[in-house]
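Here is my note on this structure. Please read it with the model open beside you.

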Amino acid sequence: MILLPASEFTIEELTSAYNQTRTDYLIPMPMNPARLHEYILLFDVDLDASVVAVIDQTIVGLGMLGVRSETGWITRLGVLPQGRRKGTGSGILQALLDQAKSKDISSVWLEVIHGNEPAHELFRKFGFRETRELIVARRPPGTINTMMAVKSAHKVRYLQHDEVLELHCHRQEHMNWLNGVETMRNVGLLTSPYFDPASVLGRQELPQLAGIYVEFLHGASGWVSYQASTLQLKRICVEVVRGEPTRTTAELLELLHRLHTSQDAVIENIPDDECWLGYKQAGYFEVFRRIEMVREPAAPDNS
Ligand SMILES: CC(C)(COP(=O)(O)OP(=O)(O)OC[C@H]1O[C@@H](n2cnc3c(N)ncnc32)[C@H](O)[C@@H]1OP(=O)(O)O)[C@@H](O)C(=O)NCCC(=O)NCCS
């Protein structure tokens, strides 16, 4: 087996290999080249530091490394089903960790789907430890049965992309890689008029971020930001600035879904906290959970 930089392969080859590693995956998540390209740009995947495993000129597995200053993120790791349990996954993971080390990355993060024991075991073996559980949830489009937020909203300010970014810059909470301010900045780059999405990403919609900042009569305040396409709301983030987290989250989401009644909504990687109860009150249901893990530099090398 040889390990080659992912930058030596086309997006089409990487997409096809990734899809083959996931044919028996717990949650089907096939990608197409445009989506994988968007994923690479949004989440700062470094293709020179990402790895493809090849035997006899055939791809048998791959893994990618996201890089943001001193932090790394492992993603898209997979081995084709017929080649598993022969050390390929370990080889790819070790190569990604070596790349991280050579870039002076101090901590490497990843997520593994709850119930994916082979991967969870592999990551534990390499010194990753669990930090928290994160929820992926959806909300179908539909009517809102409460007028709570409408009655209690005192001031509502509609936010443009740059105002949303400014708010993300000042978030206190430790955000997961997918929802970090860097991702939001990258949404801005991808949707900028100077970026040519049609040439790289195909003819998909790339709307900018939007948001609403609300002050409520009961003294609470907060904001919700999102990316709205014709069919879907994604990259939804809620921040409760003041007030009771569950109620404020539910009311912010009620106002969001009053503005966007026809779209399906997706949230990814939010913690299981009081705000999640507010999401549930607003009609979201859990689809699956991920376990977030981190490997600090002091973690022992696997052998
Ligand atoms: C997870 C995955 C990448 C492991 O690849 P692999 O080539 O089989 O891994 P290795 O042969 O290097 O195994 C290394 C260690 O991982 C763990 N592991 C691998 N498969 C396992 C299984 N089926 N059950 C339990 N532990 C397992 C073991 O600790 C193993 O060490 P051991 O063989 O000495 O017991 C592979 O199963 C895969 O591609 N799964 C589907 C995609 C996926 O889940 N990706 C991770 C997303 S977070």
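1. Start with the ligand. Its shell has 7 nonpolar, 7 polar and 7 charged residues. Here Ala, Val, Leu, Ile, Met, Phe, Trp, Tyr, Cys and Pro count as nonpolar, Asp, Glu, Lys and Arg as charged, and the others, Gly among them, as polar.

2. Know the source. This is a predicted model: local features need pLDDT of at least 70, side-chain atom pairs count only at pLDDT 80 or more, and totals for chains, interfaces and linings use all residues. Residues are numbered from 1 along each chain as its sequence is written.

3. Of the 21 residues around the ligand, R84, G89, S90, P118 and L122 come nearest. A residue is near a molecule or strand if its C-beta atom, placed from the backbone, lies within 6 Å of it. Strand 4 (71-79), helix 3 (88-102) and helix 4 (117-125) each supply at least two shell residues. Helix 4 gives the most, with 6 residues. Helices (H or I, at least four residues) and strands (E, at least two) are DSSP runs, numbered from the N terminus.

4. Two strands pair if DSSP finds at least two bridges between them.

5. Take one pair. Strand 8 (residues 209-216) and strand 9 (residues 221-228) are antiparallel and share 7 bridges. V214 stands opposite G222 in strand 9.
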